[in-house]
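Reader: I have just opened this entry and would like to understand where its descriptions come from. Could you walk me through them?

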Amino acid sequence: MMSAILVSLCVLPIIGASLIFLGPEKLARKTALAVSLLCLALSIPLYFGFDGTQSQIFQGVVSIPWVPALGIKFALGIDGLSFPLVLLTQLMLPIAILASWHEERNPKAFMACFLVLSSFMTGTFLATDLFLFYVFWEAMLIPMILLIGVWGSQERIYAALKFFLFTFAGSLLMLLAVVTLFVSYKTQTGVMTADISELTKVVLSKEPILFGLNIQDLVFWGFTLAFLVKVPLFPLHTWLPDAHVQAPTGGSILLAAVLLKMGTYGLLRFSIPFGSESFSRFAPLIAVLSLVGILYGAFVAFQQQDMKKLVAYSSVSHLGLVVLGICTQNLEGLTGSVIQNINHGLSTGALFFMVGFLYDQRHSRLFSDYGGLAALIPWYSFFLVLVACSSMAVPGLNGFVGEMLILLGTFEANPWWAGIGVLGVVFGALYTLTLLKKTLFGPVTANENRSLKDLSWRETVPLIILALFMLWIGLAPGFLINKMKPTLENYWKKPQSAYAMSGNPK
Amino acid sequence: MIINEFLVPVSPVLSLMLAAVVLIVLETVFKGERGQAGKLLVALGGPLLSILFVSLLVPVANAGSLATDNSQLPSWLMEFKNSYQLDRLSGALFLAIGFFMLLTLVFVESFLTGLKEKTEVFALLLFAGSGMMLLVSAGNLLMLFMALELMSLPTYILVGLRKNDLRSSEAALKYFLYGSFATVLLVFAIALLYGQFGTLQLNAISGLFKSQVPTGVATLAAFGLLLAAIGFKVGMAPYHLWVPDAYQGAPTPVTGFMGSAIKLAGFGLAIRVFGQTLLPLVQEWATPLSYFSVFTIFVGNLAALRQTDLKRLFAYSSISHAGYLFLGVISLGGSPQALEALQYYLWVYGLLFLGTFGLLSLVEMHKKNLEFDRLNGLGFQRPVLGFCFLLFLLSAAGIPPTAGFFSKYFILIQAFQSGQRLSVVLAAMSSLIGVFYYLRVISHLYMKSAGTAEASVPRAPKAAFLGILLCGLAMIYFSFVPVFF
């Protein structure tokens, strides 16, 4: 049952995309929405079918030989680390599609890109074969650059190329790390494998070979740099504002809500298990970089005149906090990071959704064109305030749970880090409130805004669903945390054995 | 049995030659346009028959495990006192050559409209094809030389096909001069080797190397000359200077043939020389030559960055691909599956190159030049062809899930296993440069809109459309079914 769901989540969207490609243009949007809702519906049995009491084991394992000579399999499975992100992906896909409903340029290809992207993203989270993971990880870039480059705004091609080259550069380092692992495993055991749990048994030499780094460090950094570019951590973040600002609304939603999460997911799934000692050694460095990112992102966001840029830089700041939580190497920090990953997906996805709503009507994202919207479009304003509150971690909403746990963990690990991290949260409130003030409140400055339409059902339904999740996680996060509790509790005990007991058939 | 011993093993080559001869006879009887359909049928019949014979022979040929170990082959597959060896390698490459020939013939027929000498072109292609087959199956240095000439001479003519086009004539002259220079080097190398060892048999020479490492100046010079000759033929830097001009000047479908089939035959030669004859000495040459291939990869990729003409772009990209392929040749000594990786790469690269040049021929038909701008808006105007082009570009850039990624990955992991770590790191990093220029083409294909309506690309003739589609689907098929593994 579980296996069937996992495979369908991976394959259904691709089938949907082919149907759209062959079908008439009129049906493209509806087909896409139907397929995405089907995937969302499938994630309900997935939620109930997933056994949250089990840790260190993949559930719903599928394993099909692919390149036997090199030990590569088409292997999927789900565990506590990937579980919430898979659900998040399914939730955000229909929202992204609804946000893109009005696009008139080649709607067939546009919708097909979303579905293919969803397929690859889900595959990235589900892959239990390192090679398959890499294939999905890279393949995901193709629909994403098409989304940015074809349907984006003015500077779209520059943004698309920059996005691609940054992530691809990181991925090449990861590829080298992957090859090193495969070949080391081969020399130690005589067979080739790409199975994650098997590969964690590789013993890498401790002898320094390059600038005092040993092979484990190099493998660790190969993976980590690829993931930190995706996160993105300061100073590797420069592609993000460009990509976000130029991408169409739907693309921005998926980029913020799902793609960025792959960075932190990858850190937990690969970097740390394959290089746990290196991670202990370099965690302070990464923590400092994430602190810089938290403050830098917040300051730059505060200075923006463009709403989308503000949200983009706020992502740099928020994800800095998520990485900081991982660097604490304790349970609170880790739990906070995992929760905050989801929170950021929900709240930033919603923010991009709302910015896109205004942009569709006014074709402007500048604060100077807005002001006083609260009186004109009250429902929109209500939801924007709610989402903003979630983003700046108001107690009772989801953001608070995550940030609180991360700061708790950080204080335990290093009070100084926590002190600076808290500043980031404070500045977060500053720029988010500025966003609200400049768009919603004050006098109505531009007369064009008087003709703005308020939310229709197509915008309201997704926002209500997102708002419900924000409240739910904020008030009773147990429904999510309990599903991954054992996984998180055992994580730091011995990361490299996190998958050692995986149920993968050999 | 005389038939068994004489005709059967060479039947794939003979069927190509036979078709070529029949075509020439037909042309003298039915001049010009008359009977074009029949002539095309004969031309296609050659490679088809060849493919049929190879597929019958391959199960037998597979008995020989690798190119180096022919002892298990049924002796009747070793023709003409071992001058011709139909082993697993030649079997696989014969199939590829036959298949590439078919596609080339289709593209030539569809796109070289208004050409009077079409039948001669078919015949020349078929002769070149038979030369390639002999080249990849040669077991003897003299045979190697003759096959190389049989392959090259018709190609020189094909490059200069457009007599009135200055570019084409320049390309033909350049290709001819460089090519014959390379052949001269090869002859000199053969002479030196024969003087040293008194035999022309590849296996015999290889056997001598097993017992001793040669140090004489003459032998080293022979190796250097061999390397230069092969470098010229496959377009390795610094012997690559003819590639961009010849690829650009040649009629576009012919360029497709050069980049796929001739490159494949060139690497067949490289495998015979380095992977078979010089294999016992692998320790001596592997590392220096791996830097040679990394150099080629960088030269190709860096030069491609500055190109504005699509044909030149793909010419430089083919130089960098030659570098990756050569990395595979180098790992033949240290890694068990390097031969499979090479075959896979040659298939994938050949199909992607043929498909790309089929598409470029189509674009060129209407627009006469191949600046990047000519592609603007193609992706949405012709969704299927545009998607195929996208697949070719992604594949050439080595981005999953297209087959190009797998081919590159297989080569890199084989090279890494054989110990060429630094080269693998550099080669992988270099593909970042490659990605940039392929993305530029993609950005023209999809992200820029066509300026005016007249800029549209004509509909492709049915056969050519199918051919391109087949190449495009192969880019996906090969990644799901990595045939040689």
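Reader: What is the count of salt bridges between chain A and chain B?

Author: Happy to start there, with the reminder that this is a predicted model. The count between the two chains is 0 salt bridges. A salt bridge needs a side-chain nitrogen of Lys or Arg within 4 Å of a carboxyl oxygen of Asp or Glu, so no such pair between chain A and chain B has been counted.

Reader: Then what makes the two chains count as being in contact?

Author: Contact asks for heavy atoms within 4.5 Å. On that basis, 38 residues of chain A and 35 residues of chain B take part. Polar contacts are counted too: there are 3 residue pairs between the chains, with both residues at pLDDT 80 or more.

Reader: Which elements of chain A face chain B?

Author: Strand E1 (59–67), helix H4 (107–126), helix H5 (130–139), helix H6 (141–151) and helix H7 (156–189) of chain A each give two or more residues to that side. H7(A) gives the most, with 17 residues.

Reader: Where does the lining of the largest pocket come from?

Author: From both chains. Helix H1 (2–22), E1, H4, H5 and H6 of chain A, and helix H15 (378–381), helix H16 (383–397) and helix H19 (462–480) of chain B, each supply at least two lining residues. The lining has 46 residues, and those nearest the centre are Ile14(A), Ala17(A), Val116(A), Phe387(B) and Ile476(B). H4(A) gives the most, with 8 residues. The space itself is about 1500 Å³, and the lining divides into 38 nonpolar, 6 polar and 2 charged residues.

Reader: How many residues of each class line the second largest pocket?

Author: This lining holds 8 nonpolar, 7 polar and 10 charged residues. Arg, Asp and Glu count as charged, so Arg162(B), Asp165(B) and Glu364(B), which are among the residues nearest the centre, belong to the charged class. Leu112(B) and Pro251(B) also lie nearest the centre. The volume of the second largest pocket is about 710 Å³. Helix H11 (252–277) and helix H14 (338–367) of chain B each supply at least two lining residues, and the largest share, 3 residues, comes from H14(B).

Reader: Why is a space called a cavity and not a pocket?

Author: A cavity is a set of points where a 1.4 Å probe fits but cannot get out, whereas a pocket is an open set. The search of the whole structure finds 11 cavities of 30 Å³ or more.

Reader: Which residues are closest to the centre of the largest cavity?

Author: Of its 15 lining residues, they are Leu172(A), Leu175(A), Gly398(B), Lys408(B) and Ser431(B). H5 and H7 of chain A, with helix H17 (403–417) and helix H18 (421–447) of chain B, each supply at least two residues of the lining. H17(B) gives the most, with 4 residues. By class, the lining has 11 nonpolar, 2 polar and 2 charged residues.

Technical notes. Residues numbered from 1 in each chain as written. Chains lettered and ligands numbered in written order. Predicted model: local features only at pLDDT ≥ 70, side-chain atom pairs only at ≥ 80, totals over all residues. Heavy atoms only, no water. Polar contact = N/O pair within 3.5 Å; in protein donor to acceptor, adjacent residues only side chain to side chain. 1 Å grid on protein atoms, 1.4 Å probe; cavity = no way out; pocket = protein on both sides within 12 Å on 5 of 7 lines; lining within 4 Å. Points joined across faces, edges and corners; volume = space filled by probe spheres on them.
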